Amino acid sequence: MKVHICLGTRAHRESCIRALHDSALWDTYFSDLPMIDDMFDRGFDAKEIHVAVNDRGECIGYIWVARGGCFAHFPYLRSFAVEKGCRNQGIGAGLLRYFEEVSSSNRFFLLVSELNETAQRFYERHGYTPVGKVPNLFKNGISEIILTKHVQPAG
Ligand SMILES: CC(C)(COP(=O)(O)OP(=O)(O)OC[C@H]1O[C@@H](n2cnc3c(N)ncnc32)[C@H](O)[C@@H]1OP(=O)(O)O)[C@@H](O)C(=O)NCCC(=O)NCCS
């Protein structure tokens, strides 16, 4: 499938939220989260959400990049999803690569739920390593794993 990645706008809100459905992420954190529309709108307005669009012009995934979002210095991948029917075709890999390119950094951070084994495996394959765990961060009884990737300068 041919996709291109571009800056998202409020017009992409519904499709981004739809991409989150059918995932451990949605079931655990978002399904009962009020004001999810407002949360996404703030991300679009801050120009932090980039979307993957297929050749029919449909938004099939997004990546939410907070520049300086970690320790006020390093890029933080805040949220990321691909629509269920489009997963396992390399679109997530393309979005993650895009995150690393637009971030202009050699150090990246993100959090992944200890319950989200699919995402943990995905990030590990892309060079992210666990450096810590925060218990009860977003939900009682669930830990978030802190992942980081450090790209060594060439040469
Ligand atoms: C995590 C997520 C974004 C990955 O997106 P994706 O588009 O499925 O990612 P990719 O297709 O690049 O890679 C997924 C798998 O498909 C495989 N794959 C990639 N291209 C493929 C192809 N052409 N044919 C077959 N398999 C392929 C990859 O090897 C990869 O396997 P791995 O995860 O074991 O490494 C997606 O699973 C998702 O939206 N999950 C729900 C939300 C979520 O958990 N987000 C992360 C929160 S921290």
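Helices (H or I, at least four residues) and strands (E, at least two) are DSSP runs, numbered from the N terminus. This is a predicted model: local features need pLDDT of at least 70, side-chain atom pairs count only at pLDDT 80 or more, and totals for chains, interfaces and linings use all residues. Residue numbers start from 1 along each chain as its sequence is written. An open sheet of seven strands is described here, along with a nonpolar core of 36 residues and a ligand surrounded by 19 residues.

**The sheet**

- The strand order is 1-2-3-4-5-7-6, with mixed pairing. Two strands count as paired if DSSP finds at least two bridges between them.
- Strand 1 (3-7) and strand 6 (129-134) stand at the edges. Each has a single partner strand, so one side of each lacks a neighbour in the sheet.
- From one strand to the next, the twist averages 25 degrees. Axes are lines fitted to C-alpha atoms, for helices over the stretch in contact, and angles run from 0 to 180 degrees between N-to-C directions.
- Helix 4 packs on the sheet and touches strand 1, strand 2 (49-54), strand 3, strand 4 and strand 5 (107-113). The direction of helix 4 makes about 30 degrees with that of strand 3.

**Strand pairs**

- Strands of a sheet pair through backbone hydrogen bonds, either parallel or antiparallel.
- Strand 2 and strand 3 run antiparallel and are joined by five bridges. Val51 has Tyr62 in strand 3 as its bridge partner.
- Strand 3 and strand 4 are antiparallel over seven bridges. Ala66 stands opposite Tyr76 in strand 4.
- Strand 6 and strand 7 (residues 144-150) also pair in the antiparallel sense, over five bridges. Thr129 stands opposite Thr148 in strand 7.

**Turns and positive phi**

- The hairpin of strand 2 and strand 3 has four residues between the strands. Gly57 in this hairpin takes a positive phi near 80 degrees.
- Strand 3 and strand 4 form a hairpin with three residues between them. Phe71 in the turn has a positive phi of about 55 degrees, although Phe71 is not a glycine.
- Phe71 is exposed, with 9 other C-beta atoms within 10 Å. A residue is buried if 20 or more other C-beta atoms lie within 10 Å of its own, exposed if 12 or fewer, and partly exposed in between, with C-beta atoms placed from the backbone.
- Asp22 also has a positive phi of about 55 degrees and is not a glycine. Asp22 lies in the loop between helix 1 (13-20) and helix 2 (24-30). Asp22 is partly exposed, with 14 other C-beta atoms within 10 Å.

**The nonpolar core**

- The largest nonpolar core has 36 residues. Such a core is a set of buried Ala, Val, Leu, Ile, Met, Phe, Trp, Tyr and Cys residues joined through C-beta atoms within 7 Å.
- Strand 3 (residues 59-70) gives the most to this core, with seven residues.
- Ala52, Tyr62, Ile63, Leu77, Leu95 and Leu110 have the most contacts inside the core.
- Beyond its neighbours within four places in sequence, Ala52 is in contact with residues including Val3, Ile5, Tyr62 and Leu95. Contact means C-beta atoms, placed from the backbone, within 7 Å.

**The ligand shell**

- Of the 19 residues that surround the ligand, the closest are Ser23, Arg87, Gly90, Gly92 and Ala93. A residue is near a molecule or strand if its C-beta atom, placed from the backbone, lies within 6 Å of it.
- Strand 4 (74-82), helix 4 (91-102) and helix 5 (117-125) each supply at least two residues of the shell. Helix 5 gives the most, with five residues.
- The shell divides into nine nonpolar, seven polar and three charged residues. Ala, Val, Leu, Ile, Met, Phe, Trp, Tyr, Cys and Pro count as nonpolar, Asp, Glu, Lys and Arg as charged, and the others, Gly among them, as polar.

Technical notes. Two residues are in contact if their C-beta atoms, placed from the backbone, lie within 7 Å.
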